[in-house]
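Subject: Structure handover

Hello,

Here is the structure I said I would pass on. My notes on what was found in it follow below.

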Amino acid sequence: MKIKGLCLVCLFLMQTVSALDFSNNLSELEFITLAAAFLVAVIIAFIHFREVKAKDVKISSAQKKVSLGIIVIAVILIITVVITGFQYQSVLGDSILYQFNRQQLILARQTALCIENFVLHKLSYLEIASNSIMISSQNEVVGGEHILFVYESHKNDVDNIFVLNSTGYLIFIHPKNMQNITCKDFSFRKYFRECRRTGKPYVSEVLLADGENYADVGNNYRSVVVAVPVFNSSNGFDGVLAVTISISELNKRFIYPVVSGDTGYAWLLDDKSFFLAHYNRDFEGEDAFLVRQRTASEIDFQAINDIMREKMMNGEEGVGWYTSGWHRNRTGEIKKIIAYAPVNLGNRVWSVAVVVPTEEVTGTVNNFYIQQQYITIAIIAVIFIATIGMAIMTLKYNELLENDVKNRTRELEMVNKDLKEEREKTEKAYDQLKEADRMKDEFMNVAAHELKTPLVPIKGYLGIMEDDILSEGDKDTKKIMEVISRNIKRLENLINDILDISKLESGGMKFSMERLDVGEVIENSVQDMASFAYQKGLVIESQISEGLPPVNGDKQRLTQVITNLINNAIKFTEEGSIRVTAEERDNEVVVSVKDEGIGIPGDKISNLFTKFYQVDSTLSRRYGGTGLGLAICKGIVRYHGGRIWVESSEGKGSRFSFTLPLEGKEYKRILYAEDDEDTRELARALFEEGGYNVLTVSTGKECFRLLRREDYDMLLLNSMLPDMSGWELFMKIKKHIGSASSMAVVFLSMIPAEENQIKVLRENGISDYITKPIDPRELLEKINTIFGEKKWGD
């Protein structure tokens, strides 16, 4: 035990010393914290050894291990606290420095924006005034009151407002505080030439007072001229309206007042790299690069030179740093932060910089660090006291806890064993269900084939016998043959219905799509069923709208739908007529079959298109049928992208209608993988009501099989399916099915996802991640939004 204790203390010292940064001198508080941590570790180890050696205390091996574990945990916690404390200053310093840099950049942006707004505000007023004045042939300004209004509105900001005629001569100036300037030629000025050449406003370069070459309005000080062209009624160039803005006034208003931190300041560069403003007024008006080169021995010349040349002069914004030998009234090596932002004046770009020493930031960090040291010592004291108490309690009560843990472990093992057995039973039952479903489909196909095979020779020989009977005229035998023929036809129809519903459910029904005339299909179907209606004394009428456009569909399958609806109408109508109509409505062809039969109770309509459903079993025995016909009609119509419904009242007849989309209208196809049957049926009904063509599946295997055979516009994917997870299925689809890249995929899960997890899902092609439970109508709205924004499938 002594050896273990010594190893523990050594480990603590190694971890603590390795956490220290000896590149910087340790502060007094750091030494105090280190010493306190070492003392706590020694005291904890001493107390443990004394308890272990006590002769009057019997300590089991398990108790020794638990108590030693508590001490080890306590020492690790102390090490963690100490290491965190030593590293906290660096992390906190970086964080505060980052936030400070952002604040400096925001300050630079705000200053640049103020200057931009100041200059461009004057420019907008000039443009308005230029549209309200004219220059006469006698070089007189018509509408001068508008010019005076602009001056009076900005007299605190501008020095002069003046007008040059089309040849560049000064014909108007206000106020008239300069002598011998009227009628002077300013056509050599670039602002005049650019306004005349481009017909657009222009902000001049800074005009200096260094000789005749710079003489201008405001020639006694540095200024910029903001000029706009004046056009005559023929839209020809007629002159220039301009104002002068003093750089000194600009600096006093926007640059000099900027103070960042305690000692920070701002400076301003023009597009020619001249200092327009600087804390050191001697630099103003000089080339910034020459100034920096002249003071290269006092600053980090390369760093500041790169910032100005590569960033500021290119109109970029950002934050950098450099070292200088002075700052305001202080000297010595001072590291500075510089934040810079562009001043966009339209045809030229200036740059604002805000400079502050980094020590203003690090001073704040040091204050936080001192407080953190006190907190560290307090935490170590709390851990020390708590560890001693827990060690003593553990030595006395650990055995009881250990027995309780053993009992609970045995209980959990038994529960886990039961859960494992139940899971195995569930998986076995699920496999059996899948196998039974497969065998059912296989049986249906085989049984239908075996049933249809003997029908072929029976029908053939029956036809031969009918011919013989007709030639010989035996009426009784003829009647018997008619009964046999009718029942064979009925059996054949039943077998075909069974095959069709099986193919629709498995996705194996084949469709031959072509452009076809719906009216022709209806007329052919009516003609085929006319004799059957005639036998009951009924009349079938058809009404096809003129100019009905063609649709894209399978002629045979649509004939099957219409014939089935007419057949039902005939069966359930004793007297009256049957009307078949087709019309164009909302970019769809709507086909309806209306009868005057017995009608359908309102509470039975919702289940009418479910397979094997009968409104009344007595009606089934009376009229015949298996309840498969309408389910098959629904599957065929849905494949065509349409909808089918019924309107009926008991005793008042029924109207069955279905839609076929016209060419150019496409119903979005949604595949919904969901293991809960009630949820699938609710989603199917809601999405179809919303105008979508929906197919639902319960397993990942079935979903993958359908996607390999057909294209869908959206996949709604539950995160957990019986045979695989939603993510596993998605990655399998993405790997093996190329069309998945054009399909919107929406994940549905009971588990909320973190933001970074959603980001990974989106990077892998997931359109949205929705946490259940969700109201079905909200889900429909999200689907509408995805199709509306992404136009999936278009």
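**The mixed sheet**

Strand β16 (residues 577–585) and strand β17 (residues 588–594) are antiparallel partners joined over seven bridges. Two strands count as paired if DSSP finds at least two bridges between them; helices (H or I, at least four residues) and strands (E, at least two) are DSSP runs, numbered from the N terminus.

Before going on: this is a predicted model, in which local features need pLDDT of at least 70 and side-chain atom pairs count only at pLDDT 80 or more, while totals for chains, interfaces and linings use all residues. Residues are numbered from 1 along each chain as its sequence is written, and side-chain values use heavy atoms, with hydrogens and water left out.

The loop between β16 and β17 holds Asp 586, whose phi is near 55 degrees, a positive value in a residue other than glycine. For context, most residues other than glycine have a negative phi, and most peptide bonds are trans.

Both strands belong to an open sheet of five strands with mixed pairing, ordered β14-β16-β17-β19-β18. The edges are β14 (539–544) and β18 (644–648); each has a single partner strand, so one side of each has no neighbour in the sheet. Neighbouring strands here are turned by 15 degrees against each other on average, direction ignored. Helix α11 (residues 518–535) packs on this sheet and touches β14, β16, β17 and β19 (654–661), its direction making about 175 degrees with that of β14. Contact means heavy atoms within 4.5 Å; axes are lines fitted to C-alpha atoms, for helices over the stretch in contact, and angles run from 0 to 180 degrees between N-to-C directions.

**The parallel sheet**

Another open sheet of five strands has parallel pairing and the order β21-β20-β22-β23-β24. At its edges are β21 (693–697) and β24 (768–771), each with a single partner strand, so one side of each is left without a neighbour in the sheet. From one strand to the next, the twist averages 20 degrees. Strand β20 (residues 669–673) runs parallel to β21, and five bridges join them; in this pair Ala 673 stands opposite Val 697. Helix α15 (residues 677–689) lies across β20, β21 and β22 (714–718), at about 170 degrees to β21.

**A cis peptide bond**

The bond from His 174 to Pro 175 is cis, with omega near -5 degrees. Pro 175 is in the loop between β4 (170–174) and α5 (190–198).

**Cavities**

There are two cavities of 30 Å³ or more. A cavity is a set of points, on a 1 Å grid over the protein atoms alone, where a 1.4 Å probe fits but cannot get out; lining residues have an atom within 4 Å of a point. Grid points are joined across faces, edges and corners, and a volume is the space filled by probe spheres set on the points.

The second largest cavity holds about 40 Å³ of space. Its lining includes Lys 122, Tyr 125, Val 150 and His 154, and α3 (61–130) and α4 (144–154) are the elements that give two or more residues to it.

**Confidence**

Mean pLDDT (the predictor's confidence in each residue, from 0 to 100) is 77 for the protein, and 72% of its residues reach 70 or more. Confidence is highest in β17, at 94, and lowest in helix α1 (residues 2–19), at a mean of 48. Over residues 209–220 pLDDT stays under 50, and the model has 29 contacts beyond four places in sequence for them.

Regards

Conventions. 1 Å grid on protein atoms, 1.4 Å probe; cavity = no way out; pocket = protein on both sides within 12 Å on 5 of 7 lines; lining within 4 Å.
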